Amino acid sequence: MFDFTIDATCGPARAGTLTLPHGTVETPVFMPVGTQGSVRTLSPNDLRATGATLVLANTYHLHVRPGEQVVEKLGALHHFMGWDRPLLTDSGGFQVFSLEGSRRLDEDGVEFQSHVDGGRRTLTPERATEIQWTLGADVAMAFDHVVPGGADGAAARDAMERTLRWLERCARKHAELSDGRTGRQTLWPILQGGAHLDLRTEGVRRILDLGAWTGLAIGGLSVGEPKAVMYDMLERLEPKLPALPRYLMGVGFPEDLVAAVERGVDLFDCVAPTRNGRNGSAFTADGPVNIRNAEHREDPRPLDDACDCETCTTFSRGYLRHLFMAGELLGLRLLSLHNVRYLIRLAEALRAAIRRNTLGPWAAEWRRRYLHTGSA
């Protein structure tokens with residue numbers, strides 16, 4: 001039930017097929033983020049219409065509200081949110097990282113203050129694994145320790161070492177919960193190490209020494225470091241990575257997705273398409289568009305004439321601007337829908353270019369139009 005095949009390559013870039021209990025996912029793939037069991041403003045039917053095949057939900061948020069026991073009682077996460085395709089749950093490590101100032105971290109785990117009711121809660125590797133098992137996603141992530149992008153070598157090593165120790169505990173608990181039952185859920189490790197190639201390289205080796213994994217996540221990037229640093233790290237790290245599915249966590253702006261695919265990454269997630277959409281910003285073939293701008297008031301054109309989504313095939317820019325200026329909720333949905341579809345179409349185009357062995361020229365033309373430049 002957990003299999004990954006690489007169907008084509010173009011340099012480091014790969015086009016693959018990931019088989020999971022709830023379906024097959026073609027990679028590269030973008031995962032819409034359904035943090036609380038819902039992708040903001042979009043229904044499961046909307047997501048299916050965008051072509052989404054894999055959605056992310058968050059352990060921390062679902063644990064805090066409504067609680068994993070409630071989700072389990074209502075049929076586990078797939079049934080709870082009405083999504084019949086694959087799901088991946090983040091462990092909550094990044095959310096705990098973002099709570100700095102209201103958390104206490106030690107070797108056992110993290111104690112934090114709930115953003116919902118102010119109560120004190122604790123997440124350990126074992127609890128994060130148990131919660132994800134109860135939620136029932138296809139892919140569960142190991143609990144990790146994240147440090148800011150500019151962390152020095154000592155801080156990055158401390159986080160990497162703790163993440164590896166926590167990974168062993170997650171793996172033991174996951175094996176205990178599985179108890180020989182295969183085909184329900186797989187656990188993926190997270191590679192930390194900051195912007196330090198030696199730590200990342202050591203981390204890969206030690207993760208692989210710990211067991212046979214079905215995927216590998218790259219964490220701790222896009223957390224404050226310049227994009228050039230992230231791109232350089234991915235490029236230098238790629239030759240050291242196994243042929244497993246590679247998931248770059250929290251990355252999904254169009255230019256980052258293209259650059260990371262060129263550097264051998266397969267899976268992505270990001271809140272940007274829906275967050276930007278709710279703020280009136282849309283990804284288009286010719287670059288970002290702010291639909292609130294006055295220039296769109298009487299514009300009869302679609303948001304993106306290259307897009308086949310409901311928004312672009314039905315409504316004008318003038319109408320979309322009117323929705324935002326009038327405070328109509330439909331505008332939030334329509335731009336979010338388009339942005340998610342844009343990234344899924346982008347992943348589809350990258351897959352096709354890899355299979356044709358034309359990724360280099362395709363990416364150069366894409367950058368010329370989207371970024372108005374020919375460079376990475």
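Modeller: In H8 of this predicted model, the buried residues are Leu197, Leu199, Arg200, Glu202, Gly203, Val204 and Ile207. Their cover includes H7, strand E12 (190-191), strand E13 (216-218) and helix H9 (227-237). An α-helix has 3.6 residues a turn, so residues three or four places apart point the same way.

Helix H7 (residues 153-178) packs on helix H8 (residues 197-210) at an angle of about 10°, and the axes are 11 Å apart. Angles under 35 degrees count as roughly parallel, and H7 and H8 are therefore roughly parallel to each other. On the H7 side the contact is made by Gly153, Ala156, Arg157, Met160, Glu161, Leu164, Leu167 and Glu168. H8 contributes Leu199, Glu202, Gly203, Arg206, Ile207 and Leu210. By type, the residues of this contact divide into 7 nonpolar, 2 polar and 5 charged.

Gly327 follows H13 and has a positive phi, near 70°.

Two residues towards the start of the chain come next. Leu42 sits in the loop between strand E4 (29-31) and H1. Its relative accessible area is 6%, so Leu42 is buried. Apart from neighbours within four places in sequence, Leu42 is in contact with Leu47, Thr274, Arg333, Ser336, Leu337 and Val340. Leu42 and Val340 are 298 residues apart along the chain, yet their C-alpha atoms are separated by 9.8 Å. Thr50 belongs to helix H1 (residues 44-50). With 1% relative accessibility, Thr50 counts as buried. Not counting residues up to four places away in sequence, Thr50 touches Leu337, Val340, Arg341 and Ile344.

Now the aromatic rings. The whole structure holds 7 aromatic pairs. One of them is formed by Phe253 and Phe283, edge-to-face, with 6.3 Å from centre to centre and 75° between the planes. The pair links distant parts of the chain, 30 residues apart. Phe253 lies in the loop between strand E14 (246-248) and helix H10 (254-262), and Phe283 in the loop between strand E16 (281-282) and strand E17 (289-290). Phe253 is partly exposed at 31% relative accessibility, whereas Phe283 is buried, with a relative accessible area of 2%. Together with Tyr342, Trp366 and Tyr370, Phe253 and Phe283 form one aromatic cluster.

Last, His22 is found in the loop between strand E2 (13-20) and strand E3 (23-27). It counts as partly exposed at 33% relative accessibility. Beyond its neighbours within four places in sequence, His22 is in contact with His78, Asp84, Arg85, Pro86 and Asp138. Between His22 and Arg368, 346 residues apart in sequence, the C-alpha to C-alpha distance is 38 Å.

Key
Residues numbered from 1 in each chain as written. Predicted model: local features only at pLDDT ≥ 70, side-chain atom pairs only at ≥ 80, totals over all residues. Heavy atoms only, no water. Axes fitted to C-alpha atoms, helices over the stretch in contact; angles between N-to-C directions. Helix = DSSP H or I, 4+ residues; strand = E, 2+ residues; numbered from the N terminus. Parallel < 35°, antiparallel > 145°, perpendicular 65-115°, else oblique. Contact = heavy atoms within 4.5 Å. Nonpolar A, V, L, I, M, F, W, Y, C, P; charged D, E, K, R; others polar. Buried < 20%, exposed > 50% of the residue type's maximum accessible area, 1.4 Å probe, protein only. Phe/Tyr/Trp six-rings, centres within 6.5 Å; stacked < 30°, edge-to-face > 60°.
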